[in-house]
Amino acid sequence: MADLRVNIAGVDFANPLIAASGTFGFGREYQEFYPLSTLGGISCKGITLMERPGNPPPRIAETPSGMLNSVGLQNPGVDHFIEKDLPWLKQQGTVVIANIAGNTQQDYCRMADKLSASSVDLVELNISCPNVKQGGVQFGTSCQGVEEITSAVRKYCKKPLMVKLSPNVADIGEIAKAAEAGGADAISLINTLTGMRIDIRTRRPILHNNTGGLSGPAVFPVAVRMVWQAAQKVKVPVVGLGGISTWQDAVEMLLAGASALQIGTALFTDPYAPVKILDGLNRYLDENHIASVTELTGAVCPYGN
Ligand SMILES: Cc1cc2nc3c(=O)[nH]c(=O)nc-3n(C[C@H](O)[C@H](O)[C@H](O)COP(=O)(O)O)c2cc1C
């Protein structure tokens, strides 16, 4: 059997599959399907300094091969996470990643400070949420913004720091470099692509927030392209996500340059998606006599045009 272990930013993962933030809650709902130790890690729902109710409904819409969401970071706040969710999560035998979002740089720094004193394994900086009025993506769409917020949080964050990038940018390679320059130990991408649907009878947008984030298989080729471009520009590990729903997608994303993967929207249509992906990946490695999953990372042979 091939070696599925990966190391991201100094943290050991039993396998490269991580549940993506916002699609797995804080894990409790999924424990009835399989032990959470089946997964390499869990990126928890994005947390903020204070509790947030999120956006008013409707905040989910189906799209061809995907979905639009504008949940707007509904969460119980960082203190609740540390006191109530983290102790339970740490008993599940998987890597626990805290995904954080803020309205201001100070918010991010205060959360990083609090989490540094906790048992969380890794912090994922969400500077790419398109569904809140203030914060999130405002920090993530310019190189200067990305480098500034990363280096500010870096000073407070004693945990390995992964910066989650927005795809709603012109040059993802430059953005990735800015995160690395700011002190990121790893980067993850992509968050959702901003989209919109309109009800033709009412002439109202389908989402109350008017716009939302597109995810699912529809975004997969965009994610592969961006992971490929980002991975060529940075030395830190790249965690690839966006539309992965089969083991073939997982192999593709690794070949593009990902060292680990996150599975998001696929969990909504099939909670067992990560288990099936892991099985298929394992078989693929064995059939191709590949000793370690790490050998796939960046192994694409691009045309030299
Ligand atoms: C309902 C929903 C909620 C999400 N919430 C968060 C969040 O809180 N923080 C975050 O960084 N990303 C969030 N995301 C983005 C996902 O983690 C992921 O980056 C994106 O959906 C692309 O991957 P996928 O196509 O596999 O879902 C959310 C996505 C969905 C669909």
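Trainee: Why does Asp 185 count as partly exposed?

Mentor: In this predicted model, Asp 185 has 26% relative accessibility. Partly exposed lies between the limits of under 20% for buried and over 50% for exposed, so Asp 185 counts as partly exposed.

Trainee: What makes Arg 154 and Asp 185 a salt bridge?

Mentor: Their closest N and O atoms are 2.7 Å apart. The cut-off is within 4 Å, so the pair counts as a salt bridge. Arg 154 belongs to helix H4 (residues 143–156), while Asp 185 sits in the loop between helix H5 (172–181) and strand S10 (186–189), so the pair ties together parts 31 residues apart in sequence.

Trainee: Why is Arg 154 called partly exposed?

Mentor: Arg 154 has 23% relative accessibility. Under 20% would be buried and over 50% exposed, so Arg 154 counts as partly exposed.

Trainee: How do you know that Glu 174 forms a salt bridge with Lys 177?

Mentor: The closest N and O atoms of Glu 174 and Lys 177 are 3.4 Å apart. With a limit of within 4 Å, the pair therefore qualifies. Both residues lie in helix H5, three residues apart, which is about one turn of the helix. Glu 174 has a relative accessible area of 30% and is partly exposed. Lys 177, at 35% relative accessibility, counts as partly exposed.

Trainee: What separates Arg 201 from Asp 199, exposed or buried?

Mentor: Arg 201 has 70% relative accessibility. The limit for exposed is over 50%, so Arg 201 counts as exposed. Asp 199 has 18%, and buried means under 20%, so Asp 199 counts as buried. Their side chains meet in a salt bridge at 3.1 Å, N to O.

Trainee: Which residues in the largest nonpolar core touch the most other members?

Mentor: Phe 81, Ile 187 and Leu 189, out of 95 residues in that core. Helix H6 (residues 220–231) supplies the largest share, six residues. In soluble globular proteins, nonpolar side chains tend to be buried together.

Trainee: What is Leu 189 in contact with, leaving aside neighbours within four places in sequence?

Mentor: The partners of Leu 189 include Leu 165, Ile 172, Met 226, Val 227, Ala 230 and Val 238. Val 239, Gly 240 and Leu 241 are also among them.

Trainee: How do H7 and H9 pack?

Mentor: Helix H7 (residues 247–256) and helix H9 (residues 273–287) pack at about 65°, with axes 8 Å apart. H7 passes H9 in a right-handed crossing. Trp 247, Ala 250, Val 251 and Leu 254 of H7 meet Lys 276, Ile 277, Gly 280, Leu 281 and Tyr 284 of H9. By class, that contact has seven nonpolar, one polar and one charged residues.

Trainee: Which residues make the contact of H2 with H4?

Mentor: On H2 they are Gln 105, Tyr 108, Cys 109, Ala 112, Asp 113 and Ser 116, and on H4 they are Glu 148, Ile 149, Ala 152, Val 153 and Tyr 156. By class, this contact has seven nonpolar, two polar and two charged residues. The axes of helix H2 (residues 105–116) and H4 come within 8 Å and cross at roughly 30°, and the crossing of H2 past H4 is right-handed.

Key. Residues are numbered from 1 along each chain as its sequence is written. This is a predicted model: local features need pLDDT of at least 70, side-chain atom pairs count only at pLDDT 80 or more; totals for chains, interfaces and linings use all residues. Side-chain values use heavy atoms; hydrogens and water are left out. Axes are lines fitted to C-alpha atoms, for helices over the stretch in contact, and angles run from 0 to 180 degrees between N-to-C directions. Helices (H or I, at least four residues) and strands (E, at least two) are DSSP runs, numbered from the N terminus. A crossing is left-handed if the near helix is turned anticlockwise from the far one by less than a right angle, and right-handed if clockwise. Contact means heavy atoms within 4.5 Å. Ala, Val, Leu, Ile, Met, Phe, Trp, Tyr, Cys and Pro count as nonpolar, Asp, Glu, Lys and Arg as charged, and the others, Gly among them, as polar. A nonpolar core is a set of buried Ala, Val, Leu, Ile, Met, Phe, Trp, Tyr and Cys residues joined through side-chain atoms within 4.5 Å. Buried means under 20% relative accessible area, exposed over 50%, partly exposed in between (1.4 Å probe, protein chains only).
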